[in-house]
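Please read them with the structure open.

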Amino acid sequence: MIGHDDTDRAPAQRVDPMPTIDPAAGLDPTLLNAARVAKGFMPDDEGLALAKAALEVASLGPLLEIGTYCGKSSLYLAGPAREAGTVVFTIDHHHGSEEMQAGWEHHDSSLIDEHTGRMDSSVEFRRTIADAGVSDVVIGIIGDSPKVARHWNTPLSLVFIDGAHSYEPALADYLGWSPHVVPGGYLVFHDVFEDPDLGGQGPWQVYCEAISSGVFSPVRTVGSMRILVRSDGPTR
Ligand SMILES: C[S@@+](CC[C@H](N)C(=O)[O-])C[C@H]1O[C@@H](n2cnc3c(N)ncnc32)[C@H](O)[C@@H]1O
């Protein structure tokens, strides 16, 4: 701030004692609360399962998610990343999936950018991350996921696929990103519904392809979240 000196300073804030870390998920209570109240599409039990998975493998390298939206799932990944001394890359073009466009089920008119007239979740994402105090750990990448994947070269401990949910884009995310998961690392799919009455079949079909590849095997399922481990040596 220009002309700032000590006399301008706000009264000292009360300093809370160090929050305890939930050993199951690597999230301190403040960060967990921020994740819970953030705008987005991540039920808490699935978010905690994601955090627990991240904590298990984050020592192997950075984490990456496809489908940032407003940063809710990024917060569940941020605690484990910080614990392990690594980072979370999170990719989104921020223009929303089909079901988020005007007239569709998950449209949020507060996310329309008046300048372009298009949906843009990037501002809300930056606020979410800044307010939670994890800007040093969460690195947003704005772009089309398969295009970013074509230029990617960093091994990853965990890839979380939560972008577009129809078959072709989910397959493109899987094919583009799964080769970057290190052996012993995790591939995580969200919104996997075996029963078509419960949800779209794209993630389920791609999940089945990942299993039948022989490269990934199931670790656990929590709600619609499926966690797989990479069990082979060389990349596909
Ligand atoms: C279901 S939302 C993600 C929800 C988020 N993980 C959460 O916790 O709330 C899916 C997101 O994927 C993004 N998306 C869809 N297709 C994409 C693509 N090809 N490249 C990058 N992002 C994409 C959309 O813009 C949308 O924000």
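This is a predicted model: local features need pLDDT of at least 70, side-chain atom pairs count only at pLDDT 80 or more; totals for chains, interfaces and linings use all residues.

The numbered points below cover the sheet, the helices on it, the ligand shell and one arginine.

1. Sheet order. Seven strands make up an open sheet. Their order is S3-S2-S1-S4-S5-S7-S6, and the pairing is mixed. The edges are strand S3 (138-142) and strand S6 (216-222), each of which pairs on one side only. From one strand to the next, the twist averages 20°.

2. The S5/S7 pair. Strand S5 (residues 181-189) and strand S7 (residues 225-230) run antiparallel. Four bridges join the two strands. What is the bridge partner of valine 188 in S7? The partner is isoleucine 227.

3. Helices on the sheet. Helix H2 (residues 44-57) packs on the sheet. H2 touches strand S1 (63-66), strand S4 (156-161), S5, S6 and S7. The direction of H2 makes about 175° with that of S5. Helix H7 (residues 202-212) packs on the sheet as well, touching S5, S6 and S7. For H7, the angle with the direction of S5 is about 160°.

4. H6 against H7. Two numbers set the description here, because two packed helices are described by the angle between their axes and the distance between the axes. The axes of helix H6 (residues 167-177) and H7 come within 8 Å. They cross at roughly 35°. The crossing of H6 past H7 is right-handed.

5. Residues of that contact. H6 contributes Tyr167, Ala170, Leu171 and Tyr174. H7 contributes Gly202, Pro203, Gln205, Val206, Glu209 and Ala210. By class, the contact of H6 with H7 has seven nonpolar residues, two polar and one charged.

6. Ligand shell. How many residues surround the ligand? There are 21, and the closest are Gly40, Gly67, Ser73, Ser145 and Ala164. Helix H3 (72-84) and strand S2 (88-92) are the elements that give two or more residues to the shell. The shell divides into six nonpolar, 11 polar and four charged residues.

7. Arginine 127. This residue is found in helix H4 (residues 122-131). Is arginine 127 buried, exposed or partly exposed? Arginine 127 has 14 other C-beta atoms within 10 Å, so it counts as partly exposed: a buried residue would need 20 or more, and an exposed one 12 or fewer. Arginine 127 and glycine 71 lie 56 residues apart in sequence. In space, their C-alpha atoms are 8.8 Å apart.

Key
Residues are numbered from 1 along each chain as its sequence is written. Two strands pair if DSSP finds at least two bridges between them. Axes are lines fitted to C-alpha atoms, for helices over the stretch in contact, and angles run from 0 to 180 degrees between N-to-C directions. Two residues are in contact if their C-beta atoms, placed from the backbone, lie within 7 Å. A residue is near a molecule or strand if its C-beta atom, placed from the backbone, lies within 6 Å of it. Ala, Val, Leu, Ile, Met, Phe, Trp, Tyr, Cys and Pro count as nonpolar, Asp, Glu, Lys and Arg as charged, and the others, Gly among them, as polar. A crossing is left-handed if the near helix is turned anticlockwise from the far one by less than a right angle, and right-handed if clockwise.
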